[in-house]
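User: I have a model open and want to know what lies behind the terms used to describe it. Please take me through them one by one.

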Amino acid sequence: MMNAYFIAGTDVAVGKTHVLTALLRDLKQRGVAAMGCKPVSCGDRKELRAMREAAGAPTLSLERINPLYLRTAADPRMGAEFERKPVSIPTLVESTQSLAAQYDTLLVEGVGGWETPLCPGKTMADLAASLGFPVLLVVSNRQGAVSQALMVVRAIRERGLECRGIILNQQAEEWDTAAVTNRAMLEEYTGLPVLAELIYGDDELDSGLILNWGLLKSHQI
């Protein structure tokens, strides 16, 4: 059975790629054949190149890890309409599963937040549900993080998916009360473990701790 995970975020720009590439670097150091992919990307492809480099596969085709590329810096739904490109969830699922079959571990990054519009009547959550991979939720360590995380965790579970845990990402150099207390509040209110807490400027994660979720029990809100 493939070892694949969906990396989701509570919002745009919370650090999903930062987390994914940190995990890939650690997996590579452990000798694990791992790759990251982003089925849909908008804007530039800088993040895709970072994934490829972190996995140690600089020659792998960008189209292989990013089958649907939209130059328009907007939600995929609008970008696809502007560029007249069809968005097919079954096709994206097929290409992702094909890539997963070639590696020991595949980390799949979503676009924007959990319900970012993808195509008419569908959002990124529909793609995640079609893939069926367990979810790792990246949360920016700032005021409002607990409320956002609670809503997303509930939405993940409503899709019949398992949210395995949270990675808390400190994106500001200065700490405020929310940043200091969010970890405990997140664990209390979601019932999920905060598997890692990245401080500002940190780019190292222990993939063995984060991805070894088999013994953790899921809790319901």
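Analyst: This is a predicted model. A place to start is alanine 8, which stands opposite leucine 137 in β8.

User: Which residue does phenylalanine 6 stand opposite in β8?

Analyst: Phenylalanine 6 stands opposite valine 135.

User: What makes β1 and β8 a pair?

Analyst: Two strands pair if there are at least two bridges between them. Strand β1 (residues 3-9) and strand β8 (residues 135-140) have four bridges, in the parallel sense, so they count as paired.

User: How do you know that β1 also pairs with β5?

Analyst: By the same cut-off of at least two bridges. Five bridges join β1 to β5, and the two strands run parallel; therefore they pair. At one of these bridges, asparagine 3 has threonine 105 of β5 as its partner.

User: Where does β1 sit in the sheet?

Analyst: The open sheet has six strands in the order β2-β5-β1-β8-β9-β10, with parallel pairing. In that order β1 stands between β5 and β8.

User: Why are β2 and β10 called edge strands?

Analyst: Because β2 (34-37) and β10 (194-198) each pair on one side only. Across the sheet, neighbouring strands are turned by 20° against each other on average, with direction ignored.

User: Why is β1 described as mostly covered?

Analyst: A residue is buried when its relative accessible area is under 20%. Six of the seven residues of β1 are buried, which means that six fall under that cut-off.

User: What makes α1 and α2 roughly parallel?

Analyst: Helix α1 (residues 16-29) and helix α2 (residues 46-54) pack at an angle of about 15°, with axes 8 Å apart. Angles under 35 degrees count as roughly parallel, so α1 is roughly parallel to α2. Their crossing is right-handed.

User: Which residues of α1 and α2 meet?

Analyst: From α1 they are Thr17, Leu20, Thr21, Leu24, Arg25 and Lys28; from α2, Glu47, Ala50, Met51 and Ala54. The residues of this contact divide into five nonpolar, two polar and three charged.

Note on methods: Residues are numbered from 1 along each chain as its sequence is written. This is a predicted model: local features need pLDDT of at least 70, side-chain atom pairs count only at pLDDT 80 or more; totals for chains, interfaces and linings use all residues. Side-chain values use heavy atoms; hydrogens and water are left out. Axes are lines fitted to C-alpha atoms, for helices over the stretch in contact, and angles run from 0 to 180 degrees between N-to-C directions. Angles under 35 degrees count as roughly parallel, over 145 as roughly antiparallel, 65 to 115 as roughly perpendicular and the rest as oblique. A crossing is left-handed if the near helix is turned anticlockwise from the far one by less than a right angle, and right-handed if clockwise. Contact means heavy atoms within 4.5 Å. Ala, Val, Leu, Ile, Met, Phe, Trp, Tyr, Cys and Pro count as nonpolar, Asp, Glu, Lys and Arg as charged, and the others, Gly among them, as polar. Buried means under 20% relative accessible area, exposed over 50%, partly exposed in between (1.4 Å probe, protein chains only).
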